[in-house]
Amino acid sequence: MEELETASSKDLSEARYARKILQLSDLKYTQNILYEIESVPSRADRIIEKRAVIKALLLSTWLQRLYFIIRSALMSILAVVVTFFYVSFFGQIGVVLAVFMGVLIFIIGLIVTRLFDSQTVQMTKYIVRRLASHKKLRDFIMNYL
């Protein structure tokens, strides 16, 4: 990731960088964008635009993945807290009630995380900036979470 971020525009035109970037992004979306860039009349402008788009796609993909991880974690924490308090208060939970609570908590979690969407996006951008200097941690989060 860091290698791609720090690569110069000239380096990004190499095939190995393109393969790495395409593995991190939506292939159909990337192909559509590159097709539109190919329609630019000037070859020099096309090359500059391709490199800029590749960097933008990389950052966008990174932000989307991290946003999903953060939002999922927030929803999980909400579910754990509600379930913990229910079991603490009543002492047990049945299968039917657990399924019902799971669906209900999931829907409430979607609503709550959507209400705090702007804060989640800000937190995501902050984490991306912080992870820029921590290659191993960033690679673990992006590849395994």
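Okay, a definition before anything else: I'll call a residue buried under 20% relative accessible area, exposed over 50%, and partly exposed in between, using a 1.4 Å probe and protein chains only. What you see above is a predicted model, where local features need pLDDT of at least 70, side-chain atom pairs count only at pLDDT 80 or more, and totals for chains, interfaces and linings use all residues. Residues are numbered from 1 along each chain as its sequence is written, and side-chain values use heavy atoms, with hydrogens and water left out.

So, the overall picture. We've got seven helices and zero strands, where a helix is a DSSP run of H or I, at least four residues, a strand is a run of E, at least two, and numbering goes from the N terminus. Of the 145 residues, 25% are buried.

Now have a look at helix H7, residues 135-144. Which residues are buried there? Arg138, Ile141 and Met142. Looking down the axis of H7, those buried residues sit within an arc of 90°, so they line one face of the helix; the arc is taken from the directions from the helix axis to the C-beta atoms. Over on the other side of H7, you'll find Lys136, Asn143 and Tyr144 exposed.

Last thing, charges. A salt bridge here is a side-chain nitrogen of Lys or Arg within 4 Å of a carboxyl oxygen of Asp or Glu, and that rule gives us one. Arg114 and Asp117 make it through their side chains, at 3.6 Å, N to O. Arg114 is partly exposed at 48% relative accessible area, and Asp117 is partly exposed too, at 22%.
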